[in-house]
Amino acid sequence: KIINDSLGHSAGDEVLKKVAGFLTSSFRAADIVSRIGGDEFAVLISTSSTRAFEKATRRIKKSLAEHNTLNPTLPISLSVGFAVNHPGVALNMMALYKEADNIMYREKLHQKTSARSSIVQGLIRALETRDFIAEGHGDRLRRWIEAFARRLTLPESIFADLRLFAHLHDIGKVGIPDNILFKPSRLTEEEWVIMRQHCEIGHRIAMSTPDLEPIAEWIMCHQEWWNGSGYPQGIHGEDIPLESRILSIVDAYDSMTNDRPYRKALFTETAVEEIRRCAGTQFDPHLVEEFTQLINGASH
């Protein structure tokens, strides 16, 4: 689900195909390998040998480990359970299926948090390979947002989440095609519809892992405007989380004062003037005043 929500259903379909490949290569041609649900598979083996199932399970997990080593940005997790009908015992297929399903589910519960965490870490690595992170955008935002938070005398207890937010506010952009994300010219209306989805994609990714859940709402709201004309919810004023209002100013300043695909960096004075011009429309006017003083102090 997290892959479907962040990278799209075509990426989710590719994962299903990979898993199908792991399974078919781990069993004999005479064994029956079937997809029985959205992301669930079942295999029927005509044997009462527990060792045959154990060996097949090891083969599956070996293939999976090899895949994840070669594809760290999109790791796959897979839980396995099996049940054997022994000689002399009346065959009850539904009971056998239920036993295998229960064992698989117990393994899934043990892996659930770590599996989601590894997928999110993979998405973060994918984000870091994008130009706007490679050029130090995330590191600069972390420094600016911390300096801004200190000026606003925010509690130290929130700083760790703010640094995480600065680095991962755009995590939803892993689900946006590169031809839109890095387009050097103006986006079409259809492309903007896709681009604006990154806040909601990021929110879903953050909500899926305990490490990012505290900043999920901030991620959802970081493109909202003070006057309510932002996206995706169109909320305004102090209904926008303070952390999102802070980041929107810092992000705009850093974007303007560094080279982007579509223009060269602006001078500090020009960037500050533009932020002040947008006070009361895009940005919280009180925070703009505080940020202007922070910049003026840093430049002297």
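These legends walk through several close-up views of one predicted model.

The model is predicted, so local features need pLDDT of at least 70 and side-chain atom pairs count only at pLDDT 80 or more, while totals for chains, interfaces and linings use all residues. Residues are numbered from 1 along each chain as its sequence is written, and side-chain values use heavy atoms, with hydrogens and water left out.

**View 1. Helix H6 packs against helix H12.**
Let us begin with two helices. Helices (H or I, at least four residues) and strands (E, at least two) are DSSP runs, numbered from the N terminus. Helix H6 covers residues 137-151 and helix H12 covers residues 242-256; their axes lie 10 Å apart and meet at an angle of about 130°. Axes here are lines fitted to C-alpha atoms, for helices over the stretch in contact, and angles run from 0 to 180 degrees between N-to-C directions. H6 and H12 are therefore oblique to each other. Angles under 35 degrees count as roughly parallel, over 145 as roughly antiparallel, 65 to 115 as roughly perpendicular, and the rest as oblique. The crossing of H6 and H12 is right-handed. A crossing is called right-handed if the near helix is turned clockwise from the far one by less than a right angle, and left-handed if anticlockwise.

**View 2. Helices H2 and H3 form another right-handed crossing.**
Helix H2 (residues 9-26) packs with helix H3 (residues 50-70) at about 140°, and their axes are 9 Å apart. That angle makes H2 oblique to H3. Look also for Ala 20, which is part of helix H2. With a relative accessible area of 26%, Ala 20 is partly exposed. Buried means under 20% relative accessible area, exposed means over 50%, and partly exposed lies in between (1.4 Å probe, protein chains only). Between the C-alpha atoms of Ala 20 and Phe 41 there are 8.2 Å in space, although 21 residues separate the two in sequence.

**View 3. Arg 150 and Glu 146 meet in a salt bridge.**
A salt bridge is a side-chain nitrogen of Lys or Arg within 4 Å of a carboxyl oxygen of Asp or Glu. Here the distance from N to O is 2.9 Å. Both Arg 150 and Glu 146 belong to helix H6, where they sit four residues apart, about one turn of the helix. Arg 150 is partly exposed, at a relative accessible area of 42%. Ala 147 is found in helix H6 too, and Ala 147 is partly exposed at 30%. The C-alpha atom of Ala 147 is 9.7 Å from that of Phe 291, a residue 144 positions away along the chain.

**View 4. A salt bridge links Arg 276 and Glu 289.**
The N to O distance in this pair is 3.5 Å. Arg 276 lies in helix H13 (residues 268-277) and Glu 289 in helix H14 (residues 285-298), so the pair ties together parts that are 13 residues apart in sequence. Arg 276 is partly exposed at 42% relative accessibility, and Glu 289 is partly exposed at 36%.

**View 5. Asp 31 pairs with Arg 28.**
In this salt bridge the closest N and O atoms are 2.9 Å apart. Asp 31 is buried, with a relative accessible area of 10%, whereas Arg 28 counts as exposed at 51%. How many salt bridges does a search of the whole structure find? The search finds 16.

**View 6. Helix H10 is mostly covered.**
Helix H10 runs over residues 198-207, and seven of its 10 residues are buried. Among them are His 198, Cys 199, Gly 202 and His 203.

The peptide bond leading from Tyr 231 to Pro 232 is cis, with omega near 10°. Thr 153 is not a glycine, yet its phi is positive, about 55°. At 67% relative accessibility, Thr 153 counts as exposed.
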